[in-house]
Amino acid sequence: DQLGLRSPEYMDNLRAVKAAADAKGIDIIPAIWSIGYGSGLDYDKNLAEGLPVEDALFVVKGNRAELAPDPAVGIGNGSFETADSDGIPAGFTVSYGKVRVDSEKAHSGKVSLLVTVDETIPEETALLSATVAVKPRRCYRLSGWVLTSDIQAGGDVFPFLIKTVSGRRLQYLIPKVPADGEWTRVDLGFNSLDQDSVIVSVGAPSGKGTFRVDDLSLEEIGLMNVLRRPGTPLTVKSDKDGALYEEGTDFAPVADTLMDFRFSHAGSAITLLKGSRIKPGDRLRVSWFHGMTVYYSQVTVCMSEPALYEIWERNAKLMMEVLAPKKFMLNMDEIRMGGTCAACKARGITMPEMLGQTITRQVEILKAANPQAEVYVWSDMLDPNHNAGDKAGGYMQDYYYHVNESYNGSWNHIPKDLHIVCWYHEVRDRSLAHFSGL
């Protein structure tokens, strides 16, 4: 995917690899164009798929407008200083494990939450939880301090978990929590989607042992990981009369200079320009789209932004010039965001159609570069027995991670000459029968 960014020396080395492979009768099969793992982000991070923030309140002080929480949010007793006689902190519910307030160590104050877990606790378990009011379609950050010295395997939800009241997870980042006996701050960003309350929890690690938590906090956050491309517009308007303000005239261009798709850094402010119609004391309503990280480093790109396909077209020509492959492998697995930005919404199609059209376009680009190309693709996003499941028994039937609907039926929208590569070994009999039947 990065050929367009490589040096002449790299390209010469790649040609040498090609010559060596040819001499041995080995086919080089490029594995390419992963929507789920960020193909194109090396060229432009703004190609990431985005979740919407709508009408967040900013207030102008001097020549800057900064986020004003609307309404103010927080976690009551997040320092766990108030507890009952059994050591259960006020305002929280304990579900699993041995959880109690303990005064031996604390990040601040007099106590911290001491948690003891073992292998009998189910995966993705909320150990201690509180329900918190939020505003729909806003961005928030859950923060807390964690100390562990003997938890060797963190697991998917350790140390914190954020879900809707109905059980949908709102964040999937797996933060690094070192087992070195030092307090570590963890920041998890999430979008509230259409929810007016969320459940924040201390989550179970996959191993056994003890750990401590202290100083849990929740705050609304502003222009962080804000995406700037045609399909992710940013709007600034007056809270008083809805008048739209113009970027580059009323306020300086907005960008997150770090853009790491995590939420540990500060958000950007809106800086007023000379002659701006925006005045000190004004209240603004700001809308934008932000990217997200799934698990350790996975950032999904948008399937609807034309610039991505332009990158792929150039990439296909470069692959043919340097490697002249006969076969290509589309790494189109685990597409955990999509359909939420303005570019996707404007298409007015379902996620199965969007995925199918993307794969079809990928094949067309490859066939234009090499009419005899054989194209392979992972099965999981096209398989009703796996990530394209239906409501009768599929995986994440109503949504798929940050995607607001199922991919069920996606196999109806792809070229018939694709070679399907089975992803999920355990259900291969059902999977291969499904694709053979088509």
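Guide: Tyr-401 counts as buried, because its relative accessibility is 3% and buried means under 20% relative accessible area. In this predicted model, Tyr-401 lies in the loop between β20 (374-378) and β21 (419-421). Its backbone deserves attention: phi is about 55°, a positive value, although Tyr-401 is not a glycine. Most residues other than glycine have a negative phi.

Trp-33 is placed in the loop between β1 and β2. Trp-33 is buried, because its relative accessible area is 0%, and the limit for a buried residue is under 20%.

The bond from Asp-70 to Pro-71, however, is cis, with omega near -5°. Pro-71 lies in the loop between β3 (64-67) and β4 (93-94). Another cis peptide bond joins Phe-158 and Pro-159, where omega is about 5°. Pro-159 is found in the loop between β8 (139-148) and β9 (160-164).

The largest pocket has a volume of about 370 Å³. It is lined by 22 residues, and the closest to its centre are Pro-52, Arg-137, Leu-193, Asp-194 and Asn-404. Two or more lining residues come from each of β2 (51-61), β17 (283-290) and α3 (342-347). Of these elements, β2 provides the largest share of the lining, namely four residues. Sorted by class, the lining of the largest pocket comprises 10 nonpolar, seven polar and five charged residues.

The second largest pocket has a volume of about 290 Å³. Its lining is made up of 22 residues, of which Asp-1, Gln-2, Ala-31, Ile-32 and Asn-315 are the closest to the centre. The elements α1 (8-24), β1 (31-32) and α2 (306-322) each give two or more residues to this lining. By class, the second largest pocket is lined by 12 nonpolar, seven polar and three charged residues.

How values were computed
Residues are numbered from 1 along each chain as its sequence is written. This is a predicted model: local features need pLDDT of at least 70, side-chain atom pairs count only at pLDDT 80 or more; totals for chains, interfaces and linings use all residues. Side-chain values use heavy atoms; hydrogens and water are left out. On a 1 Å grid over the protein atoms alone, a cavity is a set of points where a 1.4 Å probe fits but cannot get out, and a pocket is an open set with protein on both sides within 12 Å along at least five of seven lines; lining residues have an atom within 4 Å of a point. Grid points are joined across faces, edges and corners, and a volume is the space filled by probe spheres set on the points. Ala, Val, Leu, Ile, Met, Phe, Trp, Tyr, Cys and Pro count as nonpolar, Asp, Glu, Lys and Arg as charged, and the others, Gly among them, as polar. Buried means under 20% relative accessible area, exposed over 50%, partly exposed in between (1.4 Å probe, protein chains only).
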